[in-house]
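Please keep the sequence and the structure in view while reading the points below.

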Amino acid sequence: MKKYLLLSLIVIITTTNQTLAQNKKEIDVKYGQFTQLPRQDNDMKKWRENRFGQFIHWGLYAIPGGVWEGKTYPGAAEWLKSFAKINQQSWDSLQYQFNPKKFNPTEWAKMAKNMGVKYVTITTKHHEGFCLWPSKFTDFDIEATPYKKDLLGEFVEAYNKEGIDVNFYYSVLDWHHPDWRYKIDSEEDKIAFQRLLKYTENQLLELIERYPSVKGFWFDGTWDQSWKDNGEFSYNLEKKMKALSPGLIVNSRMRADEYGSRHFDSNGVLMGDYESGYERRLPASWDIKVTENDWECCMTIPYNQWGYHKDWSISHIKSTYELLEMLVQCTSQNGNFLLNFGPKGDGSFRKEEAKISKEIGSWIKANGAAIYGCEYAGLEKQSWGYYTKPKGSNIINMVIFNEPISGEYRVKLKKGQLIKNAYSLSKKNKSIKVVEVAKQEYLIKIKKTKGDEPFVIVLELEKKDSKKLHQKALT
Ligand code: JFZ
C-alpha cells in the first residue's frame, strides 16, 4: 500500500513539474542577448576590478545651470530645456556661449585619479543633442563653439594618461535632431526615424574610430516607442560596434528585443554586458540575481542633479561617508559604483564636488584594498557594515560603518571556513581577538574607536578543516 502511495506521489510531482515547465516555455527571441554572461574576457575582468567610476554630465545645460530668465527650476539641470519649455533656437544658440576657459583636462584627470576612480563615463551627447566632439554628421557640436577644439579628444588623452579607462555616455533621444520621433505614426515618421537611426550609427562608429581607446558605451534615452520598435537595428548596431572594437562593453540600457522588452529580453535574459538599471538606488538584496550578475549603480550627489545646477540648496546633498557606504555596498554585492559630477560651464568643478572627491580619495587611499578587485564574499550581511572579498583570495574584509556599542562584531562564516588571523587594515601586524561562539560563528572584539571614520578589519581564512589549526587560531 505504502509503495503505491509513493508511486502515485511521484507521478503527481513529475506531471506538475512538467506543466510548470510547459508554462515557463521559452519564447523565440531573435534580437535578444548574443553573448554568454557573465563575460570572462580580460576587458570585462578589468571593468569588474575597477569597481569605482566617475560619471560626468557636461553639455550646454551647464551654462544656464537650472536657471532661465531669472527663474530657478528645481528639476535636473540637464532637462531644463524641457522643464522651462525653451524654444529650439534659444537653447541651441547656447553653443555660441560654450567657451570653458577654465577647462584643464590634465587637472580633471588628476582630480579623478586622486579620488580613486579607475574609469570615467562622460556624456558625449545628452538629450539636448549637442556633441562634445567635432562630428562629421552635425554642426551642433564643439567645433562650432568659441572653444572650437576637440574637447572630448583632450579629455580622453588626459584621463588615459592617468591610467583611467574612458567610456562614452550617448543619448539616442535627441531634442535637436529634426528626425527624432517619440513614436512612429506615419510613413513620413518612419522615413525620418530611419535617417535618425543612420545618424546614430554613424556617430557611434565615428566615436570608436576617432577614440579607439574607448572601453565602453553607456546608452541612454532609449525608452521611447520609436527606439523600442527597432530592436533589430540596435541588435545589429551592438554587433557592429563590437566588430570594430572587440572587448567593448555596453550597458543593458541600449537595447530592446523585437517585443519591446528592455534591459532584459522577453525570456528574462540580460541584454548588453551588464545591468545599468540601478539609477540612484542600490539593490535591496544580496540574492543571486544581483551577486551573480555584472551591474552598475549610477548615483548623484544631490537628490537628482546630473548636469551643473547653480542651486544645490534645493535637496539633500549626500555626505562623503554616505557615498562611500554606497560604494562599499556595491562592491559587497558584486557591482560597480559610478558617481556623478556636473562641471560648470566655464570648465571648473563646484567647490562641494571638489571637496567630496578629495575626501573620498583620502579614505580610498588607505582602504582601497577593500574595494578594487573585490567581490561578494558569499556571507550573510551583518549590521556593522559590509563584507568584501578580494577575488580568488583567502581574505575577507569587514568594512565597518556602524560600530556596535558592545565592541563585538558578529561574523558568520560558511562551512569549512576558519579564521586564521584578524587585524585592522591600518595596523596589519597587530592581531585582533577572535572568539568562537558557535559553529562557524565568531565575535571579533575590538576597542571602541573614536568612531570618526569607516574602517576595515581583515579576516585571513584557513580553509583546511584541521582541528589543531583551529585551536591555534583562536588563542
Ligand atoms: C537619464 C537622463 O534622463 C538623465 O538626465 C541622466 O542622464 C541619467 C543618468 O539618465 O535619466 C533616467 C534614466 C533612467 C531612469 C531614470 C532616469 N530609470 O531607469 O529609472
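**A strand and its partners**

Ser424 has Lys427 as its bridge partner in strand E16. The model discussed here is predicted.

**Strand E15**

- Strand E15 covers residues 418-424 and is mostly covered, since 5 of its 7 residues are buried.
- E15 pairs with strand E16 (residues 427-431) in the antiparallel sense, over 2 bridges.
- A hairpin is formed by E15 and E16, with 2 residues between them.
- E15 is also joined to strand E19 (residues 455-462) by 6 bridges, and these two strands run antiparallel.
- Within E19, Leu461 is the bridge partner of Ile419.

**The parallel sheet**

- An open sheet is built from 8 strands with parallel pairing, in the order E7-E6-E5-E4-E1-E10-E9-E8.
- Strand E7 (249-250) and strand E8 (275-279) stand at the edges and have a single partner strand each, so one side of each is left without a neighbour in the sheet.
- Inside this order, strand E4 (residues 119-125) pairs with strand E5 (residues 165-171) in the parallel sense over 6 bridges.
- Tyr119 has Asp165 as its bridge partner in E5.
- Helix H5 (residues 105-115) packs on the sheet and touches strand E1 (52-56) and strand E10 (335-341). The direction of H5 makes about 145 degrees with that of E1.
- Helix H12 packs on the sheet as well, touching E1 and E10, and its direction makes about 150 degrees with that of E10.

**Helices H11 and H12**

- Two packed helices are described by the angle between their axes and the distance between the axes.
- Helix H11 (residues 320-332) packs against helix H12 (residues 351-367) at an angle of about 50 degrees, and their axes are 10 Å apart.
- H11 and H12 are therefore oblique to each other.
- The crossing in which H11 passes H12 is right-handed.
- On the H11 side, the contact is made by Thr320, Leu323, Leu324, Leu327 and Val328. On the H12 side, Ile356, Glu359, Ile360, Trp363 and Ile364 take part.
- The residues of this contact comprise 8 nonpolar, 1 polar and 1 charged.

**Asp189**

- Asp189 counts as buried because its relative accessibility is 10%, and buried means under 20%.
- Leaving aside residues up to four places away in sequence, Asp189 touches Arg181, Lys183 and Ile184.

Note on methods:
Residues are numbered from 1 along each chain as its sequence is written. This is a predicted model: local features need pLDDT of at least 70, side-chain atom pairs count only at pLDDT 80 or more; totals for chains, interfaces and linings use all residues. Side-chain values use heavy atoms; hydrogens and water are left out. Axes are lines fitted to C-alpha atoms, for helices over the stretch in contact, and angles run from 0 to 180 degrees between N-to-C directions. Helices (H or I, at least four residues) and strands (E, at least two) are DSSP runs, numbered from the N terminus. Angles under 35 degrees count as roughly parallel, over 145 as roughly antiparallel, 65 to 115 as roughly perpendicular and the rest as oblique. A crossing is left-handed if the near helix is turned anticlockwise from the far one by less than a right angle, and right-handed if clockwise. Contact means heavy atoms within 4.5 Å. Ala, Val, Leu, Ile, Met, Phe, Trp, Tyr, Cys and Pro count as nonpolar, Asp, Glu, Lys and Arg as charged, and the others, Gly among them, as polar. Buried means under 20% relative accessible area, exposed over 50%, partly exposed in between (1.4 Å probe, protein chains only). Two strands pair if DSSP finds at least two bridges between them.
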